[in-house]
Amino acid sequence: MHVDLEEGEVLLLEDQALIAIYVEELLEQEGCGPIVTVTSCADALAWLVDHHPRLAVIETRVQDGDSTEIAEILTQRRIPFIVHTSRTKEAGDTGPDVPQVVRLWLSKPCPPEDFLDAIRACRTAVA
């Protein structure tokens, strides 16, 4: 099944405004969008009730807690996602192994090239 990241919404869960703007710019540079930016897990969960993004970028911890539930929903729906966080990666942080779901981990700060490569990897995996 071909999934076109240019034609689907992108969920961005990030509570730091400057980082959100930076990530939005990188996503737009790669032709992804429209981008829906939320700052809390509650807002992300509410949005996911009626939406199925083509790609997501999530912080592991935002103002209202841990984003594990968001990652689990994305994994269950086989939506590729990028974890963009200042936390150190630990075993199990990207959820269970599920075939054909991309979960990439990028530590903040990361070079823009690494972020763009991660977006491309998600695009390739779902194409």
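Pro109 sits in the loop between β7 (103–107) and α4 (112–126); helices (H or I, at least four residues) and strands (E, at least two) are DSSP runs, numbered from the N terminus. A cis peptide bond links Lys108 to Pro109, with omega about -10°. This is a predicted model: local features need pLDDT of at least 70, side-chain atom pairs count only at pLDDT 80 or more, and totals for chains, interfaces and linings use all residues. Residues are numbered from 1 along each chain as its sequence is written, and side-chain values use heavy atoms, with hydrogens and water left out.

Pro34 lies in the loop between α1 and β2. The Gly33 to Pro34 peptide bond is cis, with omega near 0°. Arg78 is not a glycine, yet its phi is positive, about 60°. Arg78 is in the loop between α3 (68–76) and β6 (81–85). Most residues other than glycine have a negative phi, and most peptide bonds are trans.

The table lists accessibility. Buried means under 20% relative accessible area, exposed over 50%, partly exposed in between (1.4 Å probe, protein chains only).

| Residue | Relative accessibility | Class |
|---|---|---|
| Cys32 | 5% | buried |
| Cys122 | 0% | buried |
| Arg78 | 45% | partly exposed |

The whole structure holds 0 disulfides (pairs of cysteine sulfur atoms within 2.5 Å).

Strand β1 (residues 10–13) pairs with β2 in the parallel sense over 4 bridges; pairing takes at least two DSSP bridges between two strands. Leu13 stands opposite Val38 in β2.
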